[in-house]
Amino acid sequence: MCERDQIDEWSRGGAFDWTLNRRRFAAMGAMGALAACAPASIAGSAADLSEERVRITTPDGTLDGYFVHPATGRHPAIITWPDIAGLREAFEVMAQRLARQGFAVLVVNPYYRAVAAPQFTDFAAFRAQEGFQKVGPWRDALTPDAVMRDATALVGWLDQHAAVDTQRGIGSHGYCMGGPFTVFSAAAVPARVRAAASLHGGGLVKPDDAQSPHKLLARTQASYLFAIGRNDDAKAPGDKAALREAADAAGRPAEVAVYAADHGWTVVDSPAYDQAEAERAWTRMSALFAAL
């Protein structure tokens, strides 16, 4: 999990400009090497995409999000659960790249119960504006049951959208606090959510919690990628074995791997972004979603 001491450590490095990361990320997507699973007609420029701000009714209110997909055709859907700093440009950029690989991508504002997105323009703003304190009450509302209610509503909305291929499964990926939400999504709608990727997800193994994500795998029909940061692994070295054992016991295909990068390495506006390891994770996630 992205903890306060890590935020403080990043802040000691001074102001952070993610422009270079964004350019590199976009360039890697344009190369098409990591979009090899998508039809050549899909892997194009932003002009090939359709994007919109959406509002979706849930049992708890009206969720706002960002939806992007290829401009034509029907495609498997992906639900994106952002990290602690919420829905912002960085996740829109990442969603656009995934859409160019042939997916209809819905990026969720997880804090919709309290405030519309964006709450922060980027991770630098989160750090500068006491983000950790601000989001505390918003995060408290994100219980497993609440996330599962949201996931059920999101799947229902996606399945009614003309851009979504309902003959294919739905994927989910989550970052930092969003990592567990991928499992909650798969447990909420097991017949539809068939792939889940947790990127440096926190709180995946809570031995004393009946709703710990690793205890819910048997309720799902999904295949998994659990990509773990090396510093997260150092803090909780037993988690990878617990995830592996839980997946095996549940009969769920799962790739559990520790990456040679620190927490936050896959998010383009994070001070911990590591291009090489982020691309490695993107490749594995793309392969998981290609099988939907």
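# A guided tour, from Lys240 to the cores

Select Lys240 to begin: at 30% relative accessibility, Lys240 counts as partly exposed. Here buried means under 20% relative accessible area, exposed over 50%, and partly exposed in between, with a 1.4 Å probe and protein chains only. This is a predicted model, in which local features need pLDDT of at least 70 and side-chain atom pairs count only at pLDDT 80 or more, while totals for chains, interfaces and linings use all residues. Residues are numbered from 1 along each chain as its sequence is written, and side-chain values use heavy atoms, with hydrogens and water left out.

**Salt bridges**

A salt bridge is a side-chain nitrogen of Lys or Arg within 4 Å of a carboxyl oxygen of Asp or Glu. Asp233 is buried, at a relative accessible area of 15%. How many salt bridges does the structure hold? There are 14.

Next, select Arg244 and Asp248. Their closest N and O atoms are 3.1 Å apart in another salt bridge. Both sit in helix H10 (residues 239–250), 4 residues apart, so about one helical turn separates them. Helices (H or I, at least four residues) and strands (E, at least two) are DSSP runs, numbered from the N terminus. Arg244 is partly exposed, at 28% relative accessibility.

Now pick Asp262 and Arg230. This salt bridge has its closest N and O atoms 3.0 Å apart. The pair links distant parts of the chain, 32 residues apart: Asp262 is in the loop between strand E8 (254–259) and helix H11 (275–290), Arg230 in helix H9 (residues 230–235). Asp262 is partly exposed, with a relative accessible area of 28%. Arg230 is partly exposed as well, at 44%.

Then show Asp60, Arg113, Arg149 and Asp150 together. A network of salt bridges links them.

**Helix H5**

Colour residues 131–140. In this helix, H5, Gly131, Val135 and Trp138 are buried. They lie on the same side of H5, because they cover an arc of only 45 degrees around the axis, taken from the directions from the helix axis to the C-beta atoms. Which residues are exposed on the other side of H5? Gln133, Pro137 and Asp140.

**Aromatic rings**

Select Trp81 and Phe181. They form an edge-to-face aromatic pair, 5.4 Å centre to centre, with 85 degrees between the planes. Rings of Phe, Tyr and Trp (its six-membered ring) pair if their centres lie within 6.5 Å; planes under 30 degrees apart are stacked, over 60 edge-to-face, the rest tilted. Trp81 is in strand E3 (residues 77–81) and Phe181 in helix H7 (residues 179–188), 100 residues apart. Both are buried.

Two arginines come next. Arg22 lies over the face of Trp18, 4.4 Å from the ring centre. Arg97 lies over the face of Phe25, at 4.6 Å. The criterion is NZ of Lys or CZ of Arg within 6 Å of the ring centre and within 35 degrees of the ring normal.

**Nonpolar cores**

Finish inside. A nonpolar core is a set of buried Ala, Val, Leu, Ile, Met, Phe, Trp, Tyr and Cys residues joined through side-chain atoms within 4.5 Å. The largest has 52 residues; Ile79, Trp81, Leu154, Leu158, Tyr224 and Phe226 touch the most other members. Helix H6 (residues 144–159) gives this core its largest share, 6 residues. Apart from it lies another core, of 37 residues, including Leu98, Val105, Tyr273 and Met285.
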